[in-house]
Amino acid sequence: MPPRMPTLDTFPPLRAWQRKALVEYLRRRTEDFTAVATPGAGKTTFALRIAAELLADGTVEAVTVVAPTEHLKTQWAQAAARVGIQLDAAFRNADLHSAADFHGAVVTYAQVGMAPQVHRRRTMTRRTLVILDEIHHAGDSRTWGDGVKAAFEPAVRRLMLTGTPFRSDDNPIPFVSYERGGDGLLRSRADSVYGYSDALREGVVRPVLFLAYSGETRWRTNAGEELAARLGEPMTQDLIAQAWRTALDPAGDWMPQVLRAADARLSVLRANGMPDAGGLVIASDQQVARSYAKLLEQVTGEKAAVVLSDDQGASARIATFAASRQRWLVAVRMVSEGVDIPRLAVGVYATSASTPLYFAQAIGRFVRARRSGETASVFLPSVPHLLGLASEMEAERDHVLGKPKDREGFDDDLLERAQRDDGASGELEKRFAALSATAELDQVIFDGASFGTAAQAGTPEEEEYLGLPGLLTADQVSLLLTKRQAEQLAAQKRRAAQRTAEPAAAAPAAPPPMSAAQRRVALRRQLNALVAARHHHTGQPHGKIHAELRRICGGPPSAQATIEQLEERIATVQTL
């Protein structure tokens, strides 16, 4: 017996961007439609509304959803069932056809890649709408891309969804349109775009504060040489990779100190308007994830949930955590994109992955808003490339084909080499060994600007930032950070004036000249103060003013800019 048709009256009210995109879709009535919307904006609801419209008017008879992971299959089927669309999440390639009491099925890209002809036959049997969730995954391998194209070319309609439409390779994404720009390169073109900045302005997603931690690191190289470096300072990429690895070592002091700070922030959120707020630690591998879970238990006195892979047990553990009040979840790399745990509000980015695509997917786990004023806080190592990505949260990217293969920022291959254990053994082969690492709050990044001064872990200065109220609008976050920074500057001036006023006999020795790190911090503060003044004068958002300075002067975001670049921007903003 065929399933009942969904009733449009049962759908939840659509957000403004969803209504606009739906009208555009129904107006065009084209085979292919690509919708780009930031994580947490409601892509699933939008897609299911289109499916219901097309089923109701007879345009299609069946729906196939293609998702990246097994867990998302279940999540899609549950969301569809709530609005009267029955999708078979248990469909396997051996089944050949869905049961008659389903409107269709949910499958993974891997399933399609393994047997595209099975899915092509299903698509040809009934007029089908295919929803390709996180469509950029269809470019992960030629097998997946070719399989998706072969399987769903006969579909009556194809709806492509993604929150991160860019890739770092030249594999074209099936059914996505590309247009040649003035530079001769092909760029992906979306039919509907709803970016993070739009969603933030409308209160659909949470503002994200990035708390970047630096610190002194010491390690022994494979050659037996002992090295030391300060995380976040300018150095070669090899040294950055090794200092980064040292900081993330669960046996050192950096991770326990950062986890303690993150849990303190979680407690503040729970005590101030988000009583069920949860935290997520993103780890690089299974062994390290287990070690982080033990550290969290020592810090909080409560066991952390651990998700090591996207296996059958992982979905149940994620669902249990999502419905509980448990404080912390530890996942290898990340809880899969699209996984909906709205109570996640604090993150610790303790992984070596640093591509723009991966970073955006990871931060997307924390931006899903439930009520007005909720904020998210992400703790991360003070690594120049990560600071740049944090500063560019609102940047909209497209998939570009034929782009020169210069790497964007950090070279991930170097970090992979630093993470890899050599298989050789013997007296002459001395492996990399992390010796020590300490943590201190380097800066807070919000809306493209960098706030604050260096503060040792556990000090009142650090607590000022960890204790920021949990319910704030984006404008309130910016104002409060600016106020805190101004208070710090005023306190420093008072201390300097007191030293000057002391009797000459008791006057201390002249302070030593500032180091490069101290100079950069002082210039960042000065630049932020000038940008804040410009904001109050013009009403322009801080992020737009910083972006304009970067356009005029060039260079990276202020969080990773050099002394010379900061000085140039200070001089420029004074002339605007």
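Thr34 stands opposite Met160 in strand β6. The strands concerned are β1 (residues 32–37) and β6 (residues 157–162), which pair in the parallel sense over five bridges. The model is predicted. Strands of a sheet pair through backbone hydrogen bonds, either parallel or antiparallel. Here, β1 and β6 belong to an open sheet of seven strands with parallel pairing. The strand order is β3-β4-β2-β5-β6-β1-β9. Its edges are formed by β3 (87–88) and β9 (192–194), each of which pairs on one side only.

The protein chain as a whole contains 19 helices and 21 strands. Of its 576 residues, 53% count as buried. Among contacts with a separation of 6 or more, 74% join residues 24 or more positions apart.

Helix α1 lies across β1, β5 (128–132), β6 and β9. The direction of α1 is at about 170° to β1. Helix α2 lies across β1, β2 (62–67), β5 and β6. The direction of α2 is at about 170° to β6.

These helices also meet each other. The axes of α1 (residues 16–28) and α2 (residues 43–56) come within 10 Å and cross at roughly 35°. The crossing is right-handed. On the α1 side, the contact is made by Trp17, Gln18, Ala21, Leu22, Tyr25 and Leu26. On the α2 side, Lys43, Thr45, Phe46, Arg49, Ile50, Glu53 and Leu54 take part. By class, the contact has eight nonpolar, two polar and three charged residues.

Two loop residues have backbone angles of note. Most residues other than glycine have a negative phi, and most peptide bonds are trans. Arg29 has a positive phi, near 55°. This residue is placed in the loop between α1 and β1. Arg29 is partly exposed, because its relative accessibility is 36%. Glu134 also has a positive value, with phi near 50°. Glu134 lies in the loop between β5 and α6 (142–152). Its relative accessibility is 7%, so Glu134 counts as buried.

Helix α5 (residues 116–125) has buried and exposed sides. Pro116, Val118, His119, Arg122 and Thr123 are buried in α5. Seen down the helix axis, the buried residues fall within an arc of 160°, so they line one face of α5. Met124 and Thr125 are exposed on the other side. An α-helix has 3.6 residues a turn, so residues three or four places apart point the same way.

Helix α19 (residues 563–573) can be described in similar terms. Its buried residues are Leu566, Arg569, Ile570, Thr572 and Val573. They lie on the same side of α19, because they cover an arc of only 165° around the axis.

Helix α3 (residues 70–82) includes Arg82. With a relative accessible area of 65%, Arg82 is exposed. Arg82 is 76 residues from Pro6 in sequence. In space, the C-alpha atoms of Arg82 and Pro6 are 9.8 Å apart.

Strand β16 pairs with β10 and with β15. The pairing with β10 (residues 208–220) is parallel and extends over six bridges. Within it, Ala376 of β16 is the bridge partner of Val208. The pairing with β15 (residues 344–350) is also parallel, over three bridges. Ser377 of β16 stands opposite Val346.

Notes:
Residues numbered from 1 in each chain as written. Predicted model: local features only at pLDDT ≥ 70, side-chain atom pairs only at ≥ 80, totals over all residues. Heavy atoms only, no water. Axes fitted to C-alpha atoms, helices over the stretch in contact; angles between N-to-C directions. Helix = DSSP H or I, 4+ residues; strand = E, 2+ residues; numbered from the N terminus. Left-handed = near helix turned anticlockwise from the far one by under 90°. Contact = heavy atoms within 4.5 Å. Nonpolar A, V, L, I, M, F, W, Y, C, P; charged D, E, K, R; others polar. Buried < 20%, exposed > 50% of the residue type's maximum accessible area, 1.4 Å probe, protein only. Arc of directions from axis to C-beta. Pairing = 2+ DSSP bridges.
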